[in-house]
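Here's a quick briefing to read alongside the fold. Have a look at the chain first, then run through the points below.

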Amino acid sequence: MRIPARFNGPPGTGNGGWCAGVFALAGGAAIGGPAVQVTLRVPPPLETSLELRDGSVFAGGTLVAEVAAGTAIAGAVPPVPFDEAVAASRGYPGFAHHPFPTCFVCGPDRAPGDGLRIFPGPLPDGRTAAPWTVPADVTAETVWAALDCPGGWSAIGSSGRAFLLGRITAEVTALPEPGAGCVVAGALSGLDGRKATVDSTVYGPDGERLATARAVWLAVI
């Protein structure tokens, strides 16, 4: 495995959701299959040879991540209509201040067609929502990435702190169609010291639940 430089999160390291998707698929995850859990032990390196050994991802002798069966995700972040997601996205906190503005998923400095440009803004009940125009080259890894930042911003928006993904458990039921207008919703489930537990769900244009995740993020600032 190798994470191309395009798929960065913080500068010089991989986006957590994208990398988790790569690792999960290498470990046997499948579209429509059961939940898979990925725990990141260090920020995933870019343009580096990675090897999966007995459920663990290594860069040379460094343990990067662990892949395991996940617990089924019973719930989902409730959906909102596409127009409401568009309106919420106008209030995306990352437009004013973003700890990693070139993030592949939510970085406002990424050009259309390069990054995913998913900009989750707050809803009145504390959830986040964002519209997402699905790229032509969508894959399961893309959907794992789309599940990542909208959950994280539900914690960032509540605390004002910068967080990084530590663990994510995801189920991808189906891939969205290229060019589709989807909605990604996120919610903070719990905040305990440096640790935030968040949920996220991707909905298709018809409101169908396509993927959902529960993740643990860790504050770094």
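What follows covers the overall fold, the surface and charges, and some strand pairing.

Keep in mind that this is a predicted model. It contains three helices and 10 strands, and along the sequence these come in the order α-β-β-β-β-α-β-β-α-β-β-β-β. With a radius of gyration of 16 Å, close to the 17 Å that the globule rule gives for 221 residues, the protein is as compact as a globular protein of that length.

**Overall build**
- Of the 221 residues, 52% are buried.
- Take the contacts between residues at least 6 apart in sequence: 68% of them join residues at least 24 apart.

**Surface and charge**
- The accessible surface is about 9,100 Å², and carbon and sulfur atoms account for 55% of that.
- There are 14 positive and 18 negative charges, and their mean positions lie 8 Å apart.

**Strands around β10**
- β10 (residues 209-219) pairs with β7 (residues 163-172) in the antiparallel sense, over nine bridges.
- Within that part of the picture, L164 has L218 in β10 as its bridge partner.
- β10 also pairs with β9 (residues 195-203), again antiparallel and over nine bridges.
- For V202, the bridge partner in β10 is A211.
- β9 and β10 form a hairpin with five residues between the strands, and G207 there takes a positive phi near 85°.

Conventions:
Residues numbered from 1 in each chain as written. Predicted model: local features only at pLDDT ≥ 70, side-chain atom pairs only at ≥ 80, totals over all residues. Heavy atoms only, no water. Helix = DSSP H or I, 4+ residues; strand = E, 2+ residues; numbered from the N terminus. Rg over C-alpha atoms; globule rule 2.2 N^0.38 Å. Buried < 20%, exposed > 50% of the residue type's maximum accessible area, 1.4 Å probe, protein only. Contact = heavy atoms within 4.5 Å. Areas by Shrake-Rupley, 256 points an atom, 1.4 Å probe, with all protein chains shown as cover. Lys, Arg positive; Asp, Glu negative; His and termini not counted. Charge placed at Lys NZ, Arg CZ, Asp CG, Glu CD. Pairing = 2+ DSSP bridges.
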